[in-house]
Amino acid sequence: MSDGAPWTGPSRAVPPGPPPTEPGATIPARSADFWWSDGQHDPWRNPATPTEIVVAAPSAPDLPELEPVADPTAATGGRLRLVPVVLVTALLVGLVAGAMGGTLGYRFGAGQAPGTVLGAGPEADPAAVAQRPPESLAAVVDQVAPSVVTVRSTGRGGGTVGSGFVVSSDGHVLTNDHVLGAGGVPPTVTRHDGETVTADVVGRDAEADIAVLHVPQLAAPSVRFGDSETVAVGDQVLAFGSPLALANTVTSGIVSAVDRTIVAGDPGDETRYYAAIQTDAAVNQGNSGGPLVDAAGQVVGMNSVIKSVASSAEEAANIGLAFAIPISHAQRVAQELIDTGTARRTVIGAELDRVSRSAGGGVRLSAVVDDGPAAEAGLQAGDVLVRMQDRQLAEPADLIALVRKHPPGAVVTVEYLRGGAPAQAAVTLVADGD
């Protein structure tokens, strides 16, 4: 019971029990319980001697007997009954997966993610959407475009390409005179649908820059004319034609100015004066002779001139400064060319001072024709005309352009200065030679 040191403490009685066993023998359970179960409370135990506490394990509770389990393979000779069930389940899963895969593949192939619907759906009627209202620009283009043609001419300087538009049901086409050039070869006209036919020249007016062609077999609708006198700055307009030989081209813009004086013409040719409609619609070479159309689909002008910063006419391109002959002027000249082969020129019956300028602006009359319109209205040589029909006159070209715009017989109001005093007169314009 000790670690080998002699026992010096008081003696202890040995409890009764069986005698000690031989070395190597197992101590009976009762003796083990007796000697070790309460070893920590033994007052006579040497504290330096290790002890082992033995706690008896609790006895297991009484459990009911388990029922025997039958062998699942006994009735099928070793084969499982679950095999058909597994096969049927696998078949159903395969069918469902195949159906889902086909649906997803179709939707992804159509560019549509699962659960996402693009567009308005079948309730949107494409036919109704395509029917644009009459006031839309697309509807105006659809109405006017079949009446616009491409005009080609061959002259001494080569070929030219311009535009034109049908003005009568019997095939008359209006275009610019400068589009025809100086060649004697009959021009050709290409319709909106691409058919090309040869045209006859009905008449030309180089000073007005207007020419009329005739193509009996053209079979294209004629345009509707508007009133160019009612055109206002800010009105929306469309320019039709073949810029740079690109047929059936349409551009849009607004009216930038009205009665803008334009002087054009090549050296040695007739000088052309326009009281033009200015627009910022894109107009380039090849647009000449094409119609300028208002938002109602009516022709209000004929595209004729562009301004450019290029050093030559061949390099000129659109910079937002385009000019059209008012259709009231072009229509009158065209009608005279069809009826008589020539057109009359409107005059005021006075010679203009192109050298001296008045300090306050205006146009000085250097001479007045006897019995002419100016003389009959009371105008005299030396009078300075400052306004005509509420249009400011700054130089002689302004007066010439405004007079040419009006038809013979028109009565215009002029404001003038005589000796510094303002005055007013009504002048009845006439045709040159009358």
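These are my notebook entries on what I looked up in this predicted model.

**Overall make-up**

The protein has 434 residues, and 34% of them are buried. I find eight helices and 22 strands. For contacts between residues at least 6 apart in sequence, 58% join residues at least 24 apart. The exposed surface comes to about 25200 Å², with carbon and sulfur atoms supplying 57% of it.

**Confidence**

Mean pLDDT is 81, and 70% of the residues reach at least 70. Strand 12 (residues 291–294) has the highest confidence, at 98, while helix 1 (residues 29–36) has the lowest, at a mean of 46. Residues 1–14 stay under 50 throughout, and the model gives them nine contacts beyond four places in sequence. Residues 29–36 also stay under 50, with eight such contacts. Where pLDDT is low, the predicted coordinates should not be read in detail. I'm leaving both stretches alone.

**The largest core**

Which residues have the most contacts inside the largest nonpolar core? I get Phe 165, Leu 174, Ile 210, Phe 240, Tyr 274, Met 302 and Ala 330, out of 28 residues in that core. Elements supplying at least two residues each include helix 4 (137–144), strand 7 (210–214), strand 10 (249–264) and strand 13 (298–306). Helix 6 gives the largest share, five residues.

**Helix 6**

Since helix 6 kept coming up, I looked at it by itself. Its 14 residues reach 19 Å from first C-alpha to last, close to the 20 Å expected at 1.5 Å a residue. The buried residues here are Ile 327, His 329, Ala 330, Arg 332, Val 333, Ala 334, Glu 336 and Leu 337. An α-helix has 3.6 residues a turn, so residues three or four places apart point the same way. I kept that in mind when going down the list of buried positions. Just past the helix, Gly 341 takes a positive phi of about 90 degrees.

**Second core and helix 8**

There is a second, separate core of 24 residues, and Leu 365, Ala 374, Leu 385 and Leu 399 are in it. Leu 399 is also one of the buried residues of helix 8. How many of the ten residues of helix 8 (residues 396–405) are buried? Ten of the ten, so the helix is largely enclosed by the rest of the structure. That includes Asp 398, Arg 404 and Lys 405.

**Two single residues**

Thr 279 sits in strand 11 (residues 272–279). Is Thr 279 buried or exposed? It is buried, at a relative accessible area of 0%. A polar atom of its side chain lies 2.9 Å from the backbone oxygen of Ile 254. Ile 254 is also among the residues Thr 279 touches, along with Val 237, Ser 256, Leu 292 and Gly 320.

Pro 186 is in the loop between helix 5 (177–180) and strand 4 (188–190). Pro 186 is partly exposed, with a relative accessible area of 47%. Leaving aside residues up to four places away in sequence, Pro 186 touches Thr 198 and Ala 199. Thr 198 is twelve residues from Pro 186 in sequence, and their C-alpha atoms are 6.7 Å apart.

Conventions. Residues are numbered from 1 along each chain as its sequence is written. This is a predicted model: local features need pLDDT of at least 70, side-chain atom pairs count only at pLDDT 80 or more; totals for chains, interfaces and linings use all residues. Side-chain values use heavy atoms; hydrogens and water are left out. Buried means under 20% relative accessible area, exposed over 50%, partly exposed in between (1.4 Å probe, protein chains only). Helices (H or I, at least four residues) and strands (E, at least two) are DSSP runs, numbered from the N terminus. A polar contact is a pair of N or O atoms within 3.5 Å; within protein, one must be able to donate a hydrogen and the other to accept it, and residues adjacent in sequence count only if both atoms are side-chain atoms. Contact means heavy atoms within 4.5 Å. A nonpolar core is a set of buried Ala, Val, Leu, Ile, Met, Phe, Trp, Tyr and Cys residues joined through side-chain atoms within 4.5 Å. pLDDT is the predictor's confidence in each residue, from 0 to 100. The expected span of a helix is 1.5 Å times one less than its number of residues. Accessible areas come from the Shrake-Rupley method with a 1.4 Å probe; for residues, only the protein chains shown count as cover.
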